[in-house]
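Hi,

Here is the structure I promised to pass on to you. Have a look at it first, and then read on for what turned up.

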Amino acid sequence: MGAEMLLQYLWENRLWQQCDLSTTDGRPIRVIDQGRRNTDAGPDFFNAKIIIDGKLWAGNVEIHTRASDWKRHNHHLDPAYDTIILHVVGHSDEIIYRRNGDSIPQMVLPYTPDYRARYDEMVNNPSRLPCAESLHDFSPVYLTDWLTSLGYERVYGKVDRVTALLSRLNGDWQATAYVTLARAMGFSTNSEPFERLALASPLRPLLKHRTDPQLLEAVLYGQAGFLDNAQADDTEEQDYINRLRQDYQFMAAKYNLQKPDNLGWKMARMRPQNFPHRRIAALVAMLAAGFPLGRHISQITDEATARALFNVQIGGYWVNHFTFGHKSPYVPRALSDESVTSLLINAVAPLMVAYGLQFGDDARLDAAIALLQSLPAEKNSIVSIFTDAGIPCSDAFTSQAIIQLRRNYCEQRKCLYCRIGHRILAAKARP
């Protein structure tokens with residue numbers, strides 16, 4: 001974060017309120033209302049109320065690292081900045097004026113000399129968790145409250161994706177569930193390719209042929225590009241691949257399917273059971289079962305009913321294959337318990353919340369959060385960082401909150417916008 005954004009943060013959070021403020025020409029200032037932060041073009045803060053030398057002013061506030069930035073940003077030529085009642089700066093190196101020639105009151109925002117150093121120490125610290133040593137100073141209630149907010153933040157971020165898909169698919173809930181599930185089946189590594197595959201392979205034609213799983217396989221493996229170079233040493237296996245190619249040509253012509261370009265599948269350093277070929281076979285199994293998730297979103301009440309939707313078996317060629325041409329151990333179960341848990345977190349719960357919001361069904365919203373709270377916490381390197389620092393994580397709602405914290409705050413070094421970072425830094429801000 002640059003110095004200007006740091007000043008904006010100090011102003012927005014009134015971290016100077018214990019100081020006697022004054023303009024650069026000595027007039028006393030009292031801030032009644034610092035205004036509302038503007039994240040679009042124009043002044044930094046709207047509708048501020050400030051008393052300058054005993055006179056109340058109402059208008060906008062602009063903040064710069066140096067006063068001379070006013071001209072560098074061409075504000076002296078922009079009528080939108082004629083409403084500025086106070087120019088807040090880190091360093092006053094120039095008097096600034098409105099277009100009509102009137103000077104604008106200017107104030108240097110005071111904060112402790114070591115505040116910037118403390119901020120840099122936290123934000124630029126190469127440690128995996130720079131605030132780890134301070135976490136023991138926070139009450140469990142404070143941390144729980146922040147993690148609860150982060151959990152909802154992450155859920156609703158996924159819900160936004162669902163509602164965008166629902167709009168794109170003309171309100172078709174089954175199709176939306178299908179694409180959402182496909183994306184989740186790619187897990188973090190192949191989520192984008194799986195989503196593109198599902199969007200290019202519409203649900204309705206697939207369900208028309210659900211009694212013939214080989215046709216479903218032909219469409220999905222063909223659209224995925226896996227039939228292009230598939231080969232087998234065994235004659236019987238090669239016959240199967242050739243039949244898939246013929247079926248794919250038939251289905252592509254019948255439904256005018258367009259194969260996506262360069263899906264970018266990743267399989268390096270991946271366990272064979274997680275190969276996209278195997279995930280597609282699991283998706284085929286669910287489609288052949290009539291795709292119960294798409295039909296029963298409104299009927300999921302708990303973890304047991306949710307898991308039952310994924311109780312399917314892989315058949316045929318894929319019972320003992322993880323990819324084309326290479327036999328593997330016999331594994332008829334489509335998805336492991338751990339994989340199902342991941343799908344419940346990343347597909348089912350967001351679909352339930354989106355459905356509840358769409359139809360005003362509060363029971364769906366409550367059931368979705370209860371589902372996440374009933375699932376075991378995810379086990380990954382991100383969760384470990386925080387549990388090692390003493391933050392307990394006993395369920396999936398909390399592990400999702402931790403992932404949200406790491407991805408959207410820690411990794412982006414948005415310590416100022418994290419409640420933990422804010423409290424640590426705010427204590428250092430006031431002179």
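**Strands**

Ala 48 has Gly 59 in β5 as its bridge partner. This is a predicted model, in which local features need pLDDT of at least 70 and side-chain atom pairs count only at pLDDT 80 or more, while totals for chains, interfaces and linings use all residues. Residues are numbered from 1 along each chain as its sequence is written, and side-chain values use heavy atoms, with hydrogens and water left out.

Strand β4 (residues 45–52) is joined to β2 (residues 28–33) by four bridges, and the two run antiparallel; strands and helices here are DSSP runs numbered from the N terminus (strands E, at least two residues; helices H or I, at least four). Two strands count as paired if DSSP finds at least two bridges between them.

**A helix crossing**

The axes of α1 (residues 3–12) and α3 (residues 115–123) come within 12 Å and cross at roughly 110°. Axes are lines fitted to C-alpha atoms, for helices over the stretch in contact, and angles run from 0 to 180 degrees between N-to-C directions. Ala 3, Leu 6, Tyr 9 and Leu 10 of α1 make the contact with Tyr 115, Arg 116 and Tyr 119 of α3, where contact means heavy atoms within 4.5 Å.

**Pockets and cavities**

The largest pocket holds about 1500 Å³ of space. On a 1 Å grid over the protein atoms alone, a pocket is an open set of points with protein on both sides within 12 Å along at least five of seven lines, a cavity is a set where a 1.4 Å probe fits but cannot get out, and lining residues have an atom within 4 Å of a point. Grid points are joined across faces, edges and corners, and a volume is the space filled by probe spheres set on the points.

Of the 48 residues lining the largest pocket, Phe 187, Ser 188, Ser 342, Asn 346 and Glu 378 are the closest to its centre. Helix α13 gives the largest share of that lining, seven residues.

The second largest pocket has a volume of about 240 Å³, and among its 15 lining residues the closest to the centre are Pro 140, Leu 143, Thr 144, Leu 147 and Pro 392. Here α4 gives the most, with five residues.

Three cavities of 30 Å³ or more were found in the whole structure. The largest cavity contains about 120 Å³ of space; of the 14 residues that line it, the closest to its centre are Leu 129, Cys 131, Cys 410, Cys 415 and Cys 418. The second largest cavity has a volume of about 40 Å³, and its lining includes Arg 154, Lys 158 and Gln 400.

Best wishes
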